[in-house]
Amino acid sequence: WGEQHPLYFQKQQQLERWSESILRLAQQHAYDGNLDESVDLAQRIPNSSAQYDQAQSFIQAWQSEWQRGEDVYAAAQEALQQNDWDTAQAQVKQLTQFSHPYWRSQKSAALAQQISVEQRAYEISTQAQDLAKEGSTQGIQDAIIKARTLDQNTYSWDALQPKFKIWNQILLQRGLELWYDGQLDQAISLG
């Protein structure tokens, strides 16, 4: 409808109210960490709305901050894989400087928690490997028991998987040797 239509101004008022509501909803989705939904909603605001330019500005800001946040988060994950706690902590500090609450609060808190879990897992992994170093059957059994207390969602758990295989192979070999020597009860106890 053109400006000459008798309902044009009512339509524009409705369009602006709708656009404002959609933009608020998009901002809430962005705040909650749902970038795709927030962008999708903001893109629905027509270019004939007074909210259009602001929506486009928000989209650019959200996408830019998300990319920066993902880059910082990825750097932190790489540092955690290397057990570089200082670098990972520096990434948390960077996230707390972000303007968007999703990165500043939610992701920085989650990353700080992950660092704590990863540090504890690394300690347990190191203890387990120390127990297995002596090479005794008991040491290897204790190492396996210790390592099984690791959080399986950690990089230390992933890094320890080849050791588990080696330790289990050693115990299996020793169990077979005991079985061949007629020491069936001791062979079974290794399992």
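1. A definition to start with: an axis here is a line fitted to C-alpha atoms, for helices over the stretch in contact, and the angle between two axes runs from 0 to 180 degrees between N-to-C directions. Please keep in mind that this is a predicted model.

2. With that in hand, look at helix α3 (residues 52–81) and helix α5 (residues 101–133). Their axes come within 11 Å and cross at roughly 5°. Angles under 35 degrees count as roughly parallel, so α3 is roughly parallel to α5. Two packed helices are described by the angle between their axes and the distance between the axes.

3. Which residues make the contact between these helices? From α3 come E65, W66, G69, E70, Y73, A76, Q77 and L80. They meet Y102, W103, K107, L111, Q114, I115 and E118 of α5.

4. Now for the rings. How many aromatic pairs does a search of the whole structure find? The search gives 9. One of them joins F58 and W62, whose ring centres are 5.7 Å apart with planes at 25°; planes under 30 degrees apart count as stacked, so this pair is stacked. Both residues belong to helix α3, and they sit 4 residues apart, about one turn of the helix. W62 is buried, with a relative accessible area of 8%.

5. Are F98 and W103 buried or exposed? Both are buried. These two residues also belong to an aromatic cluster, together with W66 and Y102.

6. R68 lies over the face of F98, at 4.2 Å from the ring centre. K107 lies over the face of Y73, at 4.4 Å from the ring centre.

7. Finally, take a look at I59, another residue of helix α3. I59 is buried because its relative accessible area is 5%, and buried means under 20%. Leaving aside neighbours within four places in sequence, I59 is in contact with V39, A42 and Q43. I59 and A42 are 17 residues apart in sequence, yet 7.1 Å apart in space, C-alpha to C-alpha.

Terms used: Residues numbered from 1 in each chain as written. Predicted model: local features only at pLDDT ≥ 70, side-chain atom pairs only at ≥ 80, totals over all residues. Heavy atoms only, no water. Phe/Tyr/Trp six-rings, centres within 6.5 Å; stacked < 30°, edge-to-face > 60°. Helix = DSSP H or I, 4+ residues; strand = E, 2+ residues; numbered from the N terminus. Buried < 20%, exposed > 50% of the residue type's maximum accessible area, 1.4 Å probe, protein only. Lys NZ or Arg CZ within 6 Å of the ring centre and 35° of its normal. Parallel < 35°, antiparallel > 145°, perpendicular 65-115°, else oblique. Contact = heavy atoms within 4.5 Å.
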